[in-house]
Protein chains: 2
Amino acid sequence: MNQRVTGVEIERLIQLLAKLPGLGPRSARRAALHLIKKKEQLLAPLQAAIGDTLEKVGICSTCGNIDSVDPCTVCSDSRRDRTIICVVEEVGDLWALERAAAYKGQYHVLGGTLSAIDGIGPEDLNLPKLIARVGEENIAEVLLAMNATVDGQTTAHYITDQLDSHNVKVSRLAHGVPVGGELDYLDEGTLAAAIKARRPF
Amino acid sequence: MNQRVTGVEIERLIQLLAKLPGLGPRSARRAALHLIKKKEQLLAPLQAAIGDTLEKVGICSTCGNIDSVDPCTVCSDSRRDRTIICVVEEVGDLWALERAAAYKGQYHVLGGTLSAIDGIGPEDLNLPKLIARVGEENIAEVLLAMNATVDGQTTAHYITDQLDSHNVKVSRLAHGVPVGGELDYLDEGTLAAAIKARRPF
């Protein structure tokens, strides 16, 4: 606001909310007004939840997941397969794969991808720990679940090279038509991959 | 998430963020991960800003604006015209009008509109205080700046009736073509209003 019409506390709250992904300046203002309107039901509980998060939540020293226990809920779950590690870029990818409920092994969160443009090398990622885990734990397969972007695939190739000397199977997610997707809206690369990888009906 | 993959603290944070306007479950997860990733730069400052807001921010007893002082920054600004009151539905409308920087009078926030469907009557709004202000203060004009919706306009008519016995001019915002708007995309009602209210070029 050019001219101040409200307190600095509120403007500070709006500024911080505007830094969240998905909220711009306008929606941050709406969110702040909504929070202030619901002080007891929303603003105070949010303060408490942030306090708990600041106090208790950390990064799992094994896999890089975020949790309030270390090792995290996934790593310490004895029902999960301990012979396979799924490598993802970010914690959000781990959560997305868990929502799909089709994988019951271990995870490893890299914390990003290799990127020449952004100057991110292997030492900036949670990579040495992955190689160490494959060496120390009884791992039979590494499933590379990086994004299907240039940086994601570069990173996947790099990890494959690094694991070359280890006796471990390296796999990747399948490419193909998204479930519920319409062919007309799909890019040529995806369609070509889906044709090449066609399966008996 | 069906199966827990992270701490209850984080899930609580996501649940609360998902209640903000503009954030759904998916964007709330992204926002929570972003906050946790930037604990020092974002999560801790947000906790402090919420604390300040909870402690200091309240509703202006004169106009209904939200501020950390009472009367609010707008009401206590001696440079503003004290003979005109602009009536708005919500605090966000007051802020929007202030950003337009074309009005330098007082405000009055109703806190909603009359609504038969939602069972909101005059006693549920900040209306008696408006009538009292018009009676007690030296008010020459009341500018009704409600939304151009059925409920907004019903409320405007109701207020006009209530102010009938007072010696005060009642005005409303002009209807017309939005600045930068294209005629082809405008509804017939707006175009008809813009033609009726045409001005010499």
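## A tour of chain B and its contact with chain A

Across the interface of chain B and chain A, eleven residue pairs are in polar contact, both residues at pLDDT 80 or more. A polar contact is a pair of N or O atoms within 3.5 Å; within protein, one must be able to donate a hydrogen and the other to accept it, and residues adjacent in sequence count only if both atoms are side-chain atoms. This is a predicted model, where local features need pLDDT of at least 70 and side-chain atom pairs count only at pLDDT 80 or more, while totals for chains, interfaces and linings use all residues. Residues are numbered from 1 along each chain as its sequence is written, chains are lettered from A in the order in which they are written, and side-chain values use heavy atoms, without hydrogens and water.

**Stop 1: the interface.** Select helix 3 (39-56) of chain B. Helix 3 gives 14 residues, the largest share of the side of chain B that touches chain A. By type, that side divides into 28 nonpolar, 13 polar and 16 charged residues. Here Ala, Val, Leu, Ile, Met, Phe, Trp, Tyr, Cys and Pro count as nonpolar, Asp, Glu, Lys and Arg as charged, and the others, Gly among them, as polar.

Now show both chains. 57 residues of chain B are in contact (heavy atoms within 4.5 Å) with 57 residues of chain A. The buried area is about 5400 Å², with 69% from carbon and sulfur atoms. That is the accessible area (1.4 Å probe) lost on putting the two parts together, summed over both.

**Stop 2: a salt bridge.** Pick B:Lys37 and A:Glu90. Their side chains meet in a salt bridge at 3.1 Å, N to O. The term requires a side-chain nitrogen of Lys or Arg within 4 Å of a carboxyl oxygen of Asp or Glu. Between chain B and chain A the count is four.

**Stop 3: the sheet.** Move to the open sheet of chain B: four strands, order 4-3-5-6, parallel pairing. Strand 4 (106-109) and strand 6 (169-172) are the edges. Strands (E, at least two residues) and helices (H or I, at least four) are DSSP runs, numbered from the N terminus. Two strands pair if DSSP finds at least two bridges between them. Next, select residues 84-88 and 141-144 of chain B. These are strand 3 and strand 5, parallel over four bridges. B:Ile84 stands opposite B:Glu141.

**Stop 4: a packed helix.** Finish on helix 4 (91-100) of chain B, which touches strand 3 and strand 4. Its direction makes about 155° with that of strand 4. Axes are lines fitted to C-alpha atoms, for helices over the stretch in contact, and angles run from 0 to 180 degrees between N-to-C directions.
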